[in-house]
Amino acid sequence: MREIIPGWLWIANSRAANDISSVLSVGVKAVIDLAIEEPVIVYPRDIIYCRLPLVDGEGNSPKLINMAIDLAATCLTDRIRLLIRCSAGMSRSPLIAAAAIARARQIPLGEALTEVAQGAPHDISPGLWVEVEQALQLRTSLR
């Protein structure tokens with residue numbers, strides 16, 4: 001589990017997210033699960049758990065991508081301690097975390113991703129990057 005915004009946002013791979021006691025020990029109150037290929041994690045019932053399964057590449061629904069970004073951005077702006085999980089914690093979770101930061105702070109996606117990926121291994125899927133950028137642009141144009 002890697003802390004992105006101290007005390008408020010973490011990303012994790014499946015193994016770390018399945019360590020429920022570690023997740024709870026940092027005060028996480030909401031989990032966004034992006035790992036389509038992983039089983040559901042059963043957290044205590046007072047934890048918000050939302051499964052929004054994304055493919056680590058092309059072929060995702062723009063609505064599902066926007067739902068993940070919106071939920072994460074809402075957690076950030078409402079100060080709800082959030083964990084975003086995918087299989088390896090290197091593509092989907094850092095990209096959706098960056099998109100949520102970009103939306104919440106109204107900054108470019110690339111700038112937010114630089115912040116999220118700083119000093120940590122990452123391997124962002126180019127196809128997913130394009131889909132997330134398009135989702136952010138579409139949402140901005142609809143406002």
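Begin by selecting Arg 79, which is found in the loop between helix H3 (62-77) and strand E5 (82-85). Helices (H or I, at least four residues) and strands (E, at least two) are DSSP runs, numbered from the N terminus. The structure on the screen is a predicted model, in which local features need pLDDT of at least 70, side-chain atom pairs count only at pLDDT 80 or more, and totals for chains, interfaces and linings use all residues. Residues are numbered from 1 along each chain as its sequence is written, and side-chain values use heavy atoms, with hydrogens and water left out.

**First stop: Arg 79**

Arg 79 has a phi near 60 degrees, a positive value in a residue other than glycine. Most residues other than glycine have a negative phi. Is Arg 79 buried or exposed? Its relative accessibility is 51%, and Arg 79 therefore counts as exposed. Here, buried means under 20% relative accessible area, exposed over 50%, and partly exposed in between (1.4 Å probe, protein chains only).

**Second stop: the whole protein**

Now display the entire chain. The protein contains six helices and five strands, and along the sequence these follow the pattern β-β-α-α-β-β-α-β-α-α-α. The radius of gyration of the protein is 14 Å, close to the 15 Å that the globule rule gives for 143 residues, so the protein is as compact as a globular protein of that length. That radius is taken over C-alpha atoms, and the globule rule is 2.2 Å times the number of residues to the power 0.38. Along the principal axes, the C-alpha atoms fill a box of roughly 40 × 30 × 30 Å.

Of the 143 residues, 48% are buried. Consider next the contacts (heavy atoms within 4.5 Å). Among those between residues at least 6 apart in sequence, 62% join residues at least 24 apart.

Select residues 92-105, which form helix H4. This helix has 14 residues and reaches 20 Å from its first C-alpha to its last, close to the 20 Å expected at 1.5 Å a residue. The expected span is 1.5 Å times one less than the number of residues in the helix.

How many residues of H4 are buried? The number is 12 of the 14, so H4 is largely enclosed by the rest of the structure. Colour the buried residues, among them Arg 92, Pro 94, Leu 95, Ile 96, Ile 101 and Arg 103.

Move to Gln 106, which follows H4 and has its place in the loop between H4 and helix H5 (109-117). Phi of Gln 106 is near 55 degrees, a positive value in a residue other than glycine. With a relative accessible area of 71%, Gln 106 is exposed.

Select Asn 60 in the loop between strand E4 (48-54) and H3. Asn 60 is buried, with a relative accessible area of 10%. Which residues does Asn 60 touch, not counting residues up to four places away in sequence? They are Leu 54, Val 55, Ile 65, Leu 128 and Glu 131. Next, draw a distance from the C-alpha atom of Asn 60 to that of Gly 127: the two atoms are separated by 9.5 Å, although the residues are 67 apart along the chain.

**Last stop: Asn 66**

Finish at Asn 66, in helix H3. This residue is buried, with a relative accessible area of 4%.
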